[in-house]
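Subject: Structure for you to look at

Hello,

Here is the structure I said I would pass on.

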Amino acid sequence: MYAELGPDERQLTGAWDDTGEDVLGDEVDQRIFWLARHRLTPRASINGGWDQLFVDPRDGRLWELTFPLGSLFGGGPRRLTHLSLEEASAKYGV
């Protein structure tokens with residue numbers, strides 16, 4: 001289990017750790033994955049699902065899950081960014 005999103009958090013950016021035998025998501029990347037699977041509610045997606053919009057049901061804030069290094073195998077590490085309603089509306093049409 002990981003920490004819920006805090007009221008002061010605005011962006012989480014994961015990284016990958018290369019162990020020499022495998023590439024694993026760091027603690028931040030794993031937390032983002034956990035939040036998206038267990039805490040956030042999906043609202044919309046674009047770009048074939050590579051950009052995803054979520055809402056935090058606890059406080060109503062909007063969060064965008066992206067893969068800024070999408071050229072890497074599996075999409076690379078994750079980034080979770082808080083979006084304003086205006087930003088989400090402009091990008092996702094919601």
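The notes below go through strands, cores, charged pairs and aromatic pairs in turn.

Please keep in mind that this is a predicted model.

I would begin with strand 6, residues 62-66. Its 5 residues are all buried, so strand 6 is largely enclosed by the rest of the structure. Leu62, Glu64 and Thr66 point one way from the strand, while Trp63 and Leu65 point the other way. Strand 6 pairs with strand 5 in the antiparallel sense, over 4 bridges. Within that pairing, glutamine 52 stands opposite leucine 65. The hairpin of strand 5 and strand 6 has 6 residues between the strands, and glycine 60 takes a positive phi near 80° there. Strand 6 also runs antiparallel to strand 7, with 5 bridges joining them. Here leucine 62 is the residue opposite leucine 83.

In soluble globular proteins, nonpolar side chains tend to be buried together. In this model the largest nonpolar core has 12 residues, including Leu5, Leu12, Ile32, Trp34, Leu35, Trp63, Leu65 and Phe67. Helix 1 and strand 6 are the elements that give two or more residues to this core. Helix 1 gives the most, with 4 residues.

Leaving out residues up to four places away in sequence, leucine 5 touches core members Leu12, Leu35, Leu40, Trp63 and Leu80.

A second, separate core has 7 residues, among them Ala44, Leu53, Val55 and Ala88.

Charged pairs

Side chains of opposite charge can pair when their charged atoms come close. The structure holds 8 salt bridges, and three of them are described here.

Aspartate 29 forms a salt bridge with arginine 78, with the closest N and O atoms 2.7 Å apart. Aspartate 29 is in helix 1 and arginine 78 in the loop between strand 6 and strand 7, so far along the chain that 49 residues separate them. Both aspartate 29 and arginine 78 are buried.

Aspartate 51 and lysine 91 meet in a salt bridge at 3.1 Å, N to O. This pair also links distant parts of the chain: aspartate 51 is in strand 5 and lysine 91 in helix 2, 40 residues apart. Aspartate 51 counts as buried because its relative accessibility is 11%, under the 20% limit. Lysine 91, at 36%, is partly exposed.

Aspartate 56 sits in the loop between strand 5 and strand 6. Aspartate 56 is buried at 3% relative accessibility, whereas arginine 58 is partly exposed at 48%. Aspartate 56 also touches Leu5, Leu40, Arg61 and Trp63, not counting residues up to four places away in sequence. Glu4, Arg39, Asp56 and Arg58 are linked in a network of salt bridges.

Aromatic pairs

There are 2 aromatic pairs. Tyrosine 2 and tryptophan 34 form a tilted pair, 5.9 Å centre to centre with 55° between the planes. Tyrosine 2 lies in the segment before strand 1 and tryptophan 34 in helix 1, 32 residues apart, and the pair links these distant parts of the chain. Tyrosine 2 is partly exposed, with a relative accessible area of 22%. Tryptophan 34 is buried at 11% and belongs to the largest nonpolar core.

Tryptophan 50 and phenylalanine 67 form an edge-to-face pair, 5.3 Å centre to centre with 90° between the planes. Tryptophan 50 is in the loop between strand 4 and strand 5, and phenylalanine 67 is in the loop between strand 6 and strand 7, so the pair ties together parts 17 residues apart in sequence. Tryptophan 50 is partly exposed at 44%, and phenylalanine 67 is buried at 17%. Phenylalanine 67 is also one of the residues of the largest nonpolar core.

Regards

Key
Residues numbered from 1 in each chain as written. Predicted model: local features only at pLDDT ≥ 70, side-chain atom pairs only at ≥ 80, totals over all residues. Heavy atoms only, no water. Phe/Tyr/Trp six-rings, centres within 6.5 Å; stacked < 30°, edge-to-face > 60°. Buried < 20%, exposed > 50% of the residue type's maximum accessible area, 1.4 Å probe, protein only. Contact = heavy atoms within 4.5 Å. Core = buried A, V, L, I, M, F, W, Y, C linked by side-chain atoms within 4.5 Å. Salt bridge = Lys/Arg side-chain N within 4 Å of Asp/Glu carboxyl O. Pairing = 2+ DSSP bridges.
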